[in-house]
Amino acid sequence: MTEFDYVIVGGGLAGASAVQGIRERDTRGSILLVGEETHLPYDRPPLSKKLWFGKARVEDIFVHDQRFYDEHGVSMVLGARVEKLDAQEKSITAANGERYGFGKLLLATGTKPRRIAIPGGELEGICYYRTLDDYLRMQSEAKTKQSVLIVGGGFIGSELAAALNSSLEVSLIFPSVTLCRRVFPEKLGLAVQHHFQERGIRVISSDFPTAISKSGDKFRTETASGKSLESDLVIIGIGVDPSIDLAKEAGLEVGNGIIVNEYLESSHPDIHAAGDNAFFPYRALGHGMRIEHWDNALSQGKLAGRNMAGAHEAFTYQPYFFSDLFEFGYEATGEVDTSLEVFADWQKENHTGVIYYLRDERVRGVMMCNVWDRLDAARELIRKDERVTPESLHGVIR
């Protein structure tokens, strides 16, 4: 068994950021990064955004180049799945049987795509979109195919529909009445949906697949409402689940993610978790959350690395997330959930303005629609935790 001072399981943004955090505190400790993908750690947002619109190249999305890891003394084992974590022995075992011991461990294992449990849901050629390899495959396929069915009306589904619309006939199916129902108020969801339709996207709401079959190169998808949809490609983006199997089997405390304290420590003091898989105390909101967004992985990964190297600093940062759907773009922070009381302060209805998400008369989340450079004001409003009325929020953020 090879021993390392620090072992990072997960070759994504949180893992790469942890290297920076460790090296800020410890310039000499040995570091091993184990990633399941064969690529160096990369940013995921461009996979459904900039890459499709020619605003970024594949070589632009890597967090660091190989030289960075060499200069920082990081041993890399890529294309390797970790199959076992022994918390008592403080070791991990890869699928090839290789074992590595650790002083401190970071689980930055992210998430895995949710599978669709219907006949034909695992047919060859169906893409559960998540990785750079998925993008490379779909980008190649889009050059020779004509149509795609996208299943799922959340972040990934809506972004991919907008991205693929320029090169393919796109159909988008989802079970809710409106797009992005969890974060968009109904009127906004309908407005965005209407804009998708104006762009030529076939939007099939309040419906879902019940079976998928394949004949030759064509997929046929049957739906609950009785539709039969033919397409050259099928992409499924119905959400993700946190990758917690290693932690659970090792006896760590898990729930909706790996449960960590304010220092991003799991129930084992030498094992941390950060990024999409971490259920952490969100200080400004006063309760635990798990966040599946780029900014959270970046900030938590770095802090976890610092704490593994002895910093003992609490995670108090308020992450944000963002998306672009044609000319409608937004940035948001806090608890952005339409199950809360929602107040929209529009300058231009369903296009430009600020949406506030309130619980017990306090602002818990803010989404700024085509309003830019106001994240700090939104964060401060949430931190204040003051009682407000919808009327008092008019014009607070412009």
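The model is predicted: local features need pLDDT of at least 70, side-chain atom pairs count only at pLDDT 80 or more, and totals for chains, interfaces and linings use all residues. Residue numbers start from 1 along each chain as its sequence is written, and side-chain values use heavy atoms, with hydrogens and water left out.

**Pro 390**
- Pro 390 has a relative accessible area of 22% and is therefore partly exposed (buried is under 20% relative accessible area, exposed over 50%, partly exposed in between, with a 1.4 Å probe and protein chains only).
- Not counting residues up to four places away in sequence, Pro 390 touches Glu 341 and Phe 343 (contact means heavy atoms within 4.5 Å).
- Between the C-alpha atoms of Pro 390 and Asn 307, 83 residues apart along the chain, the separation is 40 Å.

**The five-stranded sheet**
- The strand order S22-S23-S26-S25-S24 describes an open sheet of 5 strands with antiparallel pairing (two strands pair if DSSP finds at least two bridges between them).
- S22 and strand S24 (341-348) are the edge strands, each pairing on one side only.
- On average, neighbouring strands of this sheet are turned by 15 degrees against each other, direction ignored (axes are lines fitted to C-alpha atoms, for helices over the stretch in contact, and angles run from 0 to 180 degrees between N-to-C directions).
- Helix H4 (residues 155-164) packs on the sheet, where it touches S22 and strand S23 (328-334), and its direction makes about 35 degrees with that of S22.
- Strands S25 (residues 352-359) and S26 (residues 362-369) run antiparallel and are joined by 7 bridges.
- Arg 359 is placed opposite Arg 362 in S26.

- Strand S4 (residues 82-86) pairs with S5 in the antiparallel sense over 4 bridges, and Lys 84 stands opposite Thr 93 in S5.
- The hairpin of S4 and S5 has 4 residues between the strands, and Lys 90 takes a positive phi near 60 degrees there.
- S5 is joined to strand S6 (residues 99-107) by 3 antiparallel bridges, with Ile 92 opposite Tyr 100 in S6.
- In the hairpin of S5 and S6, also with 4 residues between the strands, Gly 97 has a positive phi near 95 degrees.
- Strand S5 (residues 91-94) is covered on both faces, with Ser 91 and Thr 93 buried on one side and Ile 92 and Ala 94 buried on the other.

Notes:
Helices (H or I, at least four residues) and strands (E, at least two) are DSSP runs, numbered from the N terminus.
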